[in-house]
Amino acid sequence: MKIKCDFCKTEYTIPKIPAVPVKCAICGHSWMIKTRARKNPLLLFLAALCALISAVIFSIVAVSTYRSHMEAKSPLAASIVKTELAPDGNGINHFIVSGIIENRSDEFYSPPNIIVLSYDENGKQIGSGEQFTPPVPILESGARAAFVYTLRAPSAGVKKISVKLGAFEK
Ligand SMILES: [Zn+2]
């Protein structure tokens, strides 16, 4: 069998586990090799099977809980209060989006990223949106939090802006 020095990690091959402490020939460290209890392979298999089944059940429960939060309750909502234009250092205008996120449920929630979407004059979405982290890490039941975000993309060609929450995207 193979053993490894606890200290310098040198490996040795020995015929059987000695009852006395062994000493490493390289670093001089000595240690006691613990005998491993023989485990019944059938019991090991059953234990692994139980762990697998409970993991599967757990993930099914987790997914369905997540789904019901997402679809049925939709506990968090983001909305725009106002949009303004402000020029950057090069004189290019950018939208400043002010809004709120609110928790309409009776539970605590950690809000997801907020996504700002821009649309052109035909109502077609421009790009994939800009994301930013929520203004607060936790929203209590009924709580609201204000956010202000300046879009990196220039305002030219943008006719409409909307916000949505990242985790609720499907
Ligand atoms: Zn050693």
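Start with the hairpin. Strand 7 and strand 8 form it, with five residues between them. In the turn, Gly123 has a positive phi of about 80°. A word on terms: helices (H or I, at least four residues) and strands (E, at least two) are DSSP runs, numbered from the N terminus. Strand 7 and strand 8 pair in the antiparallel sense over five bridges. Pairing here requires that DSSP finds at least two bridges between two strands. Tyr119 stands opposite Gln125 in strand 8.

Before going on, the ground rules. This is a predicted model: local features need pLDDT of at least 70, side-chain atom pairs count only at pLDDT 80 or more, and totals for chains, interfaces and linings use all residues. Residues are numbered from 1 along each chain as its sequence is written.

The chain's mean pLDDT is 85, and 85% of its residues reach 70 or more. Confidence is lowest in helix 1, residues 41–73, at a mean of 70. Strand 9 is highest, at 96. Where pLDDT is low, the predicted coordinates should not be read in detail.

Now the layout. The chain has one helix and ten strands. From the N terminus on, the order is β-β-β-β-α-β-β-β-β-β-β.

Three strands form an open sheet, in the order 8-7-10, with antiparallel pairing. Strand 8 (125–132) and strand 10 (160–165) stand at the edges, each with a single partner strand, so one side of each is left without a neighbour in the sheet. The twist averages 25° from one strand to the next. For angles, axes are lines fitted to C-alpha atoms, for helices over the stretch in contact, and angles run from 0 to 180 degrees between N-to-C directions.

Strand 7, residues 114–119, is joined to strand 10 by six bridges, again antiparallel. Two pairs to look at. Ser118 stands opposite Ile161 in strand 10. Ile114 stands opposite Leu165 in strand 10.

Which face of strand 7 is covered? The one with Ile114, Val116 and Ser118. Ile115, Leu117 and Tyr119 lie on the uncovered face. In a regular strand the side chains alternate between the two faces of the sheet.

Three strands form an open sheet in the order 5-6-9, and the pairing is antiparallel. The edge strands are strand 5 (76–87) and strand 9 (144–150), each pairing on one side only. Here the twist averages 20° from one strand to the next. Eleven bridges join strand 5 to strand 6, residues 93–103. The bridge partner of Ala77 in strand 6 is Glu102.

Then the core. A nonpolar core is a set of buried Ala, Val, Leu, Ile, Met, Phe, Trp, Tyr and Cys residues joined through C-beta atoms within 7 Å. Buried means 20 or more other C-beta atoms within 10 Å of a residue's own, with C-beta atoms placed from the backbone; exposed means 12 or fewer, and partly exposed lies in between. Buried residues make up 8% of the 170 residues in the chain. The largest nonpolar core has eight residues: Leu76, Ala78, Val97, Ile101, Ile114, Val116, Leu139 and Phe147. Strand 5, strand 6 and strand 7 are the elements that give two or more residues to this core.

Last, Leu76. Not counting residues up to four places away in sequence, Leu76 touches Ile101, Asn103, Tyr109, Pro111, Leu139 and Leu165. Contact means C-beta atoms, placed from the backbone, within 7 Å.

Methods. Two residues are in contact if their C-beta atoms, placed from the backbone, lie within 7 Å. pLDDT is the predictor's confidence in each residue, from 0 to 100.
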